[in-house]
Amino acid sequence: MRPTFILLFAIVAALWMGCAPGPAPKRKPGEKIYIVTTTGMIADAVQHIAGDLATVDALMGPGVDPHLYKATGSDLNKLNKADLIFYNGLHLEGKMTEVLAKLGKKKPAIGLGDKLPEANLINYGTAHDPHIWFDVKLWSGTLPLIADALKAFDASNAITYTTNADNYKKELDELHAWVQQEMNTIPPDQRVLVTAHDAFEYFGKAYGIEVKGLQGISTVSEYGLKDVTNMVDLLVGRKIKAVFVESSVSDKALKAVVEGAADKGHTITIGGTLFSDAMGAADKPEGTYLGMVRYNVKTIVEALR
Ligand SMILES: [Zn+2]
């Protein structure tokens, strides 16, 4: 080969290599993994397992209803920047489900509820109940899924992720036992939990309380006058003392129930506000998963006991 050909070949090769897509940008040594989650409950679990090795951002803050949530421009930036994404799945993130599925083709995006064993889920035929965090034991089943995703992304710290997941699981096991103990102090005929929407079915199933929501498993569906009338009849008939407002849902419907019962001579109080689909403010104990569950249980027990 003549030298000019060799030179030409070298130039073409160099140009081609320059245009070819390089390997995915690697993090510098010591740089944290960037993780984005939808709900605060998921962010809490992920942060416990990833510890100092990751920065975790939850898109949905206190009081935010995930069923109705739409991703903002800033959310999309975060999702695009993220190394890993964790979301609830089971269509909790109604309007965002499509965006999350699309991102899953480019990077690890794990819908935790979608990966839980079918037998452990509440199935309504057309849909699964997405509110899996209310059965503490069921929720702890998401920890190995989070740990596995982290290990696949960052194998060098696999032991840390396993240890952290085991430690957090112990805390959840203790919490589960405590919730059972507390709920057992409510007289059996008062074990009815009335809320704005059906977020507490897993809670009811796990801890032995009948659950009645005015709206279905999503806040997208509307409640009607008939739902209110039926609820009033049930509460009056069974002499239920309290109903509960949810932090992420309007209290309008429940106020109508309280008024309806009063018209029939039965006094019902609003037993308090429960954190259903979002945790409390970050600077409050309810701003953690453990604190949120404890707060809800204390509120329910005090009002119904
Ligand atoms: Zn909900």
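Biologist: What makes strand β5 (residues 192–197) largely enclosed by the rest of the structure?

Modeller: Five of the six residues of strand β5 are buried, so the strand is largely enclosed by the rest of the structure. Keep in mind that this is a predicted model.

Biologist: How do you know that β5 and strand β6 (residues 210–215) pair?

Modeller: Pairing needs at least two bridges between the strands. Five bridges join β5 to β6, and the two run parallel. Thr-195, for one, has Gly-213 in β6 as its bridge partner.

Biologist: What is behind the pairing of strand β1 (residues 33–37) with strand β3 (residues 84–87)?

Modeller: The cut-off is at least two bridges. Three bridges join β1 to β3, and these strands run parallel. Ile-35 stands opposite Leu-84 in β3.

Biologist: Which sheet has parallel pairing, and in what order do its strands come?

Modeller: An open sheet of four strands, in the order β2-β1-β3-β4. In general, strands of a sheet pair through backbone hydrogen bonds, either parallel or antiparallel.

Biologist: Why are β2 (54–58) and β4 (109–111) called edge strands?

Modeller: Each pairs on one side only. From one strand to the next, the twist averages 20 degrees.

Biologist: Which helix lies across β1, β3 and β4?

Modeller: Helix α6 (residues 143–153). It runs at about 170 degrees to β3. The scale for such angles goes from 0 to 180 degrees between N-to-C directions. The protein chain has 11 helices and eight strands.

Biologist: Why is Leu-90 called buried?

Modeller: The cut-off is 20 or more other C-beta atoms within 10 Å. Leu-90 has 21 C-beta neighbours inside 10 Å, so it counts as buried. Leu-90 lies in the loop between β3 and α4 (97–103).

Biologist: And His-91: buried or partly exposed?

Modeller: Partly exposed, because His-91 has 19 other C-beta atoms within 10 Å. His-91 is also found in the loop between β3 and α4.

Biologist: What makes the phi of Leu-90 and of His-91 worth a look?

Modeller: Most residues other than glycine have a negative phi. Leu-90 is not a glycine, yet its phi is positive, about 55 degrees. His-91 is not a glycine either, and its phi is about 65 degrees.

Biologist: Why does Ala-158 count as partly exposed?

Modeller: Partly exposed lies between the limit for exposed, 12 or fewer, and the limit for buried, 20 or more. Ala-158 has 14 C-beta neighbours inside 10 Å, so it counts as partly exposed. Its place is in helix α7.

Biologist: What does the domain assignment give?

Modeller: Domain 1 (33–179) and domain 2 (186–304). Their C-alpha centres lie 25 Å apart. The contact takes 29 residues from domain 1 and 25 residues from domain 2.

Biologist: Which elements give two or more residues to the side of domain 1 that touches domain 2?

Modeller: They are α2 (40–50), α5 (136–140) and α7 (158–183). Of these, α2 gives the most, with four residues. The residues of that side divide into 17 nonpolar, six polar and six charged.

Biologist: Which residues have the most contacts inside the largest nonpolar core?

Modeller: The core has 78 residues, and those with the most contacts inside it include Ile-35, Ile-85, Phe-86 and Ile-146. Domain 1 and domain 2 both give residues to this core, so it lies between them.

Biologist: What is Ile-85 in contact with, leaving aside its neighbours within four places in sequence?

Modeller: The partners of Ile-85 include Val-36, Leu-79, Leu-100, Leu-103 and Pro-108. The test for contact is C-beta atoms within 7 Å.

Biologist: What share of the protein chain is buried?

Modeller: Buried residues make up 39% of the 305 residues. Among contacts with a separation of 6 or more, 65% join residues 24 or more positions apart. The C-alpha atoms fill a box of roughly 105 × 40 × 35 Å, taken along the principal axes.

Note on methods
Residues numbered from 1 in each chain as written. Predicted model: local features only at pLDDT ≥ 70, side-chain atom pairs only at ≥ 80, totals over all residues. Core = buried A, V, L, I, M, F, W, Y, C linked by C-beta atoms within 7 Å. Domains from an automatic or database assignment. Contact = placed C-beta atoms within 7 Å. Nonpolar A, V, L, I, M, F, W, Y, C, P; charged D, E, K, R; others polar.
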